[in-house]
Amino acid sequence: MFTDNFLDSLSNDPKIAGYEVLSQYDKKFQNVSVDDESELGLCTYALLEAISEANSLNWELPPIKFDEPESHKEELINFFKSLKDELSPYALVSEEQRKLKNYRQGFLTKIKNTFIYEFSDGDLEQIQSKLNSLRDFISKSTLFEDKHKQRLLKRLELLQQELHKKQSDLDRYWGLIGDAGVILGKLGKDAKPIVDRVKEITEIVWRTQSRAEELPSDAKPPLLNSESE
């Protein structure tokens, strides 16, 4: 239902990507046969679910009711419309407007003296370098399925785009531990180069967070064990 060219063209911004998927669904729905409506709905559902999970979004997709096909079909159509309406104010504004909004939020955070985490220049350089190393290793690796590889590369790209000296939260970086755990479970010892880089990144993030939270200097970070089976 969705071509590889369409999937490759999706925005790296997950909210815009979700809107693009739903817009494509609307176009296809106008021309699809009645027999193919169910397949289109399931395919759209699965793609939105993948975008949501890959980017830790909370779109609350309704559970699939295979035993109630007509009811489920109507529920999906309503959900797709609701989600598109929710995403459209963000997706339809210009890049300049989004930047302006981000600037406003950043200045508001600073003026209100909201709690923020601040990386040193050296930490920023190290994280960028290790993220580049991860992207290079994953890009060249033959150990991943193409879809898994593309999902990981997009996640790393988003991390690099959002890496700033001052940040209000560090959740995306801690999310790397989950990704590394999945890779470790799939690849075993072959995952060691990736797990090692993730451990190094999380050590830097932990150092920044523990300093901001005024934890004892000897507080240890939660680390993955790359030697575990």
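The conversation below goes through the labels one by one.

Colleague: Before the details, how do you know which parts to trust?

Modeller: This is a predicted model, and the predictor's confidence in each residue is given as pLDDT, from 0 to 100. The chain averages 82, and 90% of the residues score at least 70. Over residues 224–229, however, the pLDDT is below 50, although this stretch has 13 contacts in the model beyond near neighbours in sequence. Where pLDDT is low, the predicted coordinates should not be read in detail.

Colleague: What does the overall layout look like, and how many helices and strands are there?

Modeller: There are nine helices and two strands. Starting at the N terminus, their order is α-α-α-α-α-β-α-α-β-α-α. Taken along the principal axes, the C-alpha atoms fill a box of roughly 65 × 50 × 30 Å. Of the 229 residues, 37% are buried. Among contacts with a separation of 6 or more, 67% are made by residues 24 or more positions apart.

Colleague: Why is serine 52 called buried?

Modeller: The cut-off for buried is under 20% relative accessible area. Serine 52 has 7% relative accessibility, so it counts as buried. This serine lies in helix α3, residues 37–54. Setting aside neighbours within four places in sequence, serine 52 is in contact with Leu57, Asn58 and Trp59.

Colleague: And why does leucine 48 count as buried?

Modeller: The relative accessible area of leucine 48 is 0%, so by the under-20% rule it is buried. Leucine 48 also lies in α3. Not counting residues up to four places away in sequence, leucine 48 touches Gly18, Val21, Leu22, Trp59, Leu61, Phe80 and Leu83. As for tryptophan 59, its C-alpha is 8.6 Å from that of leucine 48, and the two are eleven residues apart in sequence.

Colleague: Gly18, Val21 and Leu22 are among those partners. Which residues of α2 are buried?

Modeller: They are Pro14, Ile16, Ala17, Gly18, Tyr19, Val21, Leu22, Ser23 and Tyr25. Helix α2 covers residues 14–31, and its 18 residues reach 26 Å from first C-alpha to last, close to the 26 Å expected at 1.5 Å a residue.

Colleague: What caps the N-terminal end of α2?

Modeller: Aspartate 13 does, with a side-chain oxygen 3.1 Å from the backbone nitrogen of lysine 15. The limit for a polar contact is 3.5 Å, so a pair at 3.1 Å falls within it.

Colleague: How do you know that the length of α8 agrees with a helix?

Modeller: At 1.5 Å a residue, its 17 residues should span 24 Å, and the end C-alpha atoms are 25 Å apart, so the two agree. The buried residues of α8 are Tyr173, Trp174, Gly175, Leu176, Ala180, Ile183, Leu184 and Leu187. Their cover includes α7, β2 and α9. Just after α8, glycine 188 takes a positive phi of about 65°.

Colleague: What makes a space a cavity, and how many are there of 30 Å³ or more?

Modeller: In a cavity a 1.4 Å probe fits but cannot get out. The structure holds one of 30 Å³ or more, and about 80 Å³ of space lies in the largest cavity. Its lining includes Leu134, Leu156, Ile194 and Val198. The elements giving two or more residues to that lining are α6, α7, α8 and α9 (192–212), and α8 provides the largest share, four residues.

Colleague: Leu134 is on that lining. Is leucine 134 buried or exposed?

Modeller: Buried: its relative accessibility is 2%, and the cut-off is under 20%. Leucine 134 lies in helix α6, residues 121–140. Apart from neighbours within four places in sequence, leucine 134 is in contact with Leu156, Ile194, Arg197, Val198 and Ile201.

Colleague: What makes a pocket something else, and which residues are closest to the centre of the largest one?

Modeller: A pocket is an open set of points, whereas a probe in a cavity cannot get out. About 1800 Å³ of space lies in the largest pocket. It is lined by 40 residues, and the closest to its centre are Asn102, Gln105, Glu162, His164 and Arg172. Helix α5 gives the largest share of that lining, eleven residues.

Conventions. Residues are numbered from 1 along each chain as its sequence is written. Side-chain values use heavy atoms; hydrogens and water are left out. Contact means heavy atoms within 4.5 Å. The expected span of a helix is 1.5 Å times one less than its number of residues. Buried means under 20% relative accessible area, exposed over 50%, partly exposed in between (1.4 Å probe, protein chains only). A polar contact is a pair of N or O atoms within 3.5 Å; within protein, one must be able to donate a hydrogen and the other to accept it, and residues adjacent in sequence count only if both atoms are side-chain atoms. On a 1 Å grid over the protein atoms alone, a cavity is a set of points where a 1.4 Å probe fits but cannot get out, and a pocket is an open set with protein on both sides within 12 Å along at least five of seven lines; lining residues have an atom within 4 Å of a point. Grid points are joined across faces, edges and corners, and a volume is the space filled by probe spheres set on the points.
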